[in-house]
Amino acid sequence: MKKPSNLRRLLGYAGKYRYLTYGSWVLSAFSALLALVPYWYLWRIIREVLTAAPDFRQAEGLARNGWMAVLFAAAALLLYIGGLMCSHLGAFRIATNLRIAAMERIVALPLGQVEAFGSGKLRKIVNESSGAAETYLAHQLPDRAGAIATPCGLLLLLFAFDWQLGLLSLAPVLLAFLIMLTMTGARMRQKMQEYQNALEEMSNEAVEYVRGIPVIKTFGQTIFSVKKFKGAIDRYRVWVIAYTKELRLPMMCYTAAVNGVFVFLIAGALLLTREGVTEVFLLNLMFYIIITPVISITLTRIMFQSENAMIVADALQRMDRVLNLRPLAESKTPAYPKDASVELSDIHFSYEGGKQALKGVSLTIPAGQTAALVGPSGGGKTTLANLVARFFDPQQGCVKIGGVDVREIPKEALMNTVSFVFQNSRLSKASILDNVRMGRPDATKEEVLAALHNAQCDDILEKLPQGVDTVIGTKGVYLSGGEQQRIAIARAMLRNTPILILDEATAFADPDNEARVQAAFSRLSQGKTVILIAHRLSTVAHVDRIYVIQDGRIAEQGTSRELLDKGGLFRSMWESYQTAIRWKVAKEA
């Protein structure tokens with residue numbers, strides 16, 4: 001089956017507004033043709049002036065011809081404005097629908113897939129790709145219609161007065177067109193894709209760098225400490241400079257050719273008038289000198305439209321990368337958990353293009369118990385928790401909640417069963433009330449305040465000018481890391497799901513905030529099944545069961561006492577942790 005063109009695909013998002021897009025092409029084409037009519041009246045004015053010279057009082061038609069030129073120029077302008085209005089209405093509708101389609105797909109994707117894609121890349125694709133489509137439809141397509149109509153009218157004018165001068169006017173156009181072909185085509189499309197890839201990579205790394213600024217400032221690092229971001233900038237710089245140098249010579253030749261029409265006209269005029277200059281020839285030469293700049297303008301428009309068409313094609317390919325992402329499959333025979341137990345059976349999981357993160361993991365967490373996942377970084381702890389929340393599906397094995405495979409639990413039901421508190425909780429640029437209410441949008445203000453109280457947030461509300469109605473910045477720029485965590489805990493309390501996953505939730509908390517966060521966790525965890533991921537081993541000393549994850553496998557499991565008595569990996573980690581917390585800064589004598 002033949003793949004639809006990019007234009008047809010874009011118009012598929014226009015709905016009834018597509019007719020406005022069609023109308024804009026017609027209006028733009030008529031506008032381009034009308035814009036040539038004043039040149040004909042200008043030719044009549046020049047002819048009348050040459051005929052009447054030296055007694056210019058005989059040139060009685062100058063005013064009438066001048067006003068007619070003005071009238072047609074005004075009509076062309078009005079038609080062009082009307083065409084742009086139509087094209088913009090259609091383009092805005094298409095860009096809006098493109099963004100809606102992309103965001104609907106992103107919202108339907110599991111969180112793990114979104115994180116793996118990269119928030120910077122997603123932002124660039126949704127905003128800039130739809131923006132490129134809007135610019136193409138609102139401006140380039142109407143101009144293309146005009147650029148097609150203009151040469152047709154120009155050919156008629158060029159050959160209507162003097163076919164020899166007409167051919168001379170077209171010679172540099174042909175030369176410029178041949179040079180333009182060397183800068184377009186398949187190779188240009190590849191270069192355009194490389195350019196957009198470099199921009200996309202730099203945008204994504206910039207977003208990640210900005211998110212890491214708190215850590216960078218804490219440890220006194222500079223931008224050069226973020227090697228990936230600097231590398232992206234360096235690669236973009238090298239690519240742009242090399243590509244600019246590559247196009248420098250053909251672009252210079254193109255510019256010289258497209259603007260060199262006067263050289264051809266004057267040289268041709270000298271050859272054609274060796275036996276003398278007639279009044280008619282001089283009139284036609286003056287007319288051609290006036291009208292030929294339109295040729296260079298039209299050709300330049302065509303060149304940039306070819307480039308813009310490639311930009312849109314690349315933008316749609318990038319948008320397809322989002323639209324082609326498939327949400328996790330929903331079961332046609334939904335089932336619901338019987339309790340809050342969690343069971344993983346022979347789980348194998350690998351990230352796309354990466355090493356195997358989990359290798360045959362099996363464990364069971366009875367309802368109402370707390371299990372801790374500890375172990376070296378990169379061992380697979382967070383991946384395991386992500387599978388419980390169904391941020392991903394395993395390639396092999398089964399994850400069950402309440403005896404039911406998570407793939408058979410409807411998405412809404414799963415969300416109402418499992419809550420997740422991340423180590424770097426993200427708060428929106430909204431009031432504390434609205435941030436907490438995200439856990440349950442229909443909650444009353446009194447219920448939100450109760451959740452904040454239970455999450456040890458009273459001191460936060462007391463110091464803020466408008467209390468719970470205070471608007472905080474993106475990612476909580478007015479709150480410390482521990483305070484952000486307590487707000488996130490309040491949100492989880494309001495949600496009140498039977499299963500709770502805590503992923504390094506005290507990582508950014510200072511000692512005072514850590515005590516408050518721990519108190520909030522105690523209140524939040526009552527009667528719930530809790531999966532706790534922690535590096536601070538003091539937080540897991542009294543949990544029901546500890547699983548030590550190393551290299552994608554369960555290396556050890558048991559209570560803290562059992563694991564300490566065993567003398568294995570957990571004991572080694574515990575001794576290292578105890579040594580670390582006993583470190584003190586020696587005072588100078």
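**Close-up views of a predicted model**

Tyr-351 is partly exposed, at a relative accessible area of 31%. Here buried means under 20% relative accessible area, exposed over 50%, and partly exposed in between (1.4 Å probe, protein chains only). This is a predicted model: local features need pLDDT of at least 70, side-chain atom pairs count only at pLDDT 80 or more, and totals for chains, interfaces and linings use all residues. Residues are numbered from 1 along each chain as its sequence is written, and side-chain values use heavy atoms, with hydrogens and water left out.

**View A. Aromatic pairs around Phe-349.** The whole structure holds nine aromatic pairs. Phe-349 and Tyr-351 form one that is edge-to-face, because their ring centres are 4.9 Å apart and their planes stand at 90 degrees. Rings of Phe, Tyr and Trp (its six-membered ring) pair if their centres lie within 6.5 Å; planes under 30 degrees apart count as stacked, over 60 as edge-to-face and the rest as tilted. Phe-349 counts as buried, at 3% relative accessibility. Phe-349 also pairs with Phe-392 in a tilted arrangement, 5.3 Å centre to centre with 45 degrees between the planes. Phe-349 lies in strand β1 (residues 342–350) and Phe-392 in the loop between α14 (381–388) and β4 (396–401), so this pair ties together parts 43 residues apart in sequence. Helices (H or I, at least four residues) and strands (E, at least two) are DSSP runs, numbered from the N terminus. Phe-392 is buried too, with a relative accessible area of 13%.

**View B. The aromatic cluster of Tyr-19, Tyr-22 and Trp-25.** Ring pairs link these residues.

**View C. Ser-431 in its loop.** Ser-431 sits between β6 (418–421) and α16 (432–437). Its relative accessibility is 8%, so Ser-431 counts as buried. The Ser-431 side chain reaches the backbone nitrogen of Asp-434 at 3.1 Å. Leaving out residues up to four places away in sequence, Ser-431 touches Val-468, Asp-469, Thr-470 and Val-471. Contact means heavy atoms within 4.5 Å.

**View D. Helix α4 at Ala-74 and Leu-77.** Leu-77 lies in this helix, which covers residues 62–108. Leu-77, Leu-78, Ile-81 and Met-85 make a nonpolar surface patch of about 420 Å². Patch residues have over 30% relative accessible area and no salt bridge; like charges are joined within 9 Å, nonpolar side chains (Val, Leu, Ile, Met, Phe, Trp, Tyr) within 5 Å. A salt bridge is a side-chain nitrogen of Lys or Arg within 4 Å of a carboxyl oxygen of Asp or Glu. Accessible areas come from the Shrake-Rupley method with a 1.4 Å probe; for residues, only the protein chains shown count as cover. Ala-74, also in α4, is partly exposed at 36% relative accessible area. The C-alpha atoms of Ala-74 and Pro-38 are separated by 10.0 Å.

Note on methods. A polar contact is a pair of N or O atoms within 3.5 Å; within protein, one must be able to donate a hydrogen and the other to accept it, and residues adjacent in sequence count only if both atoms are side-chain atoms.
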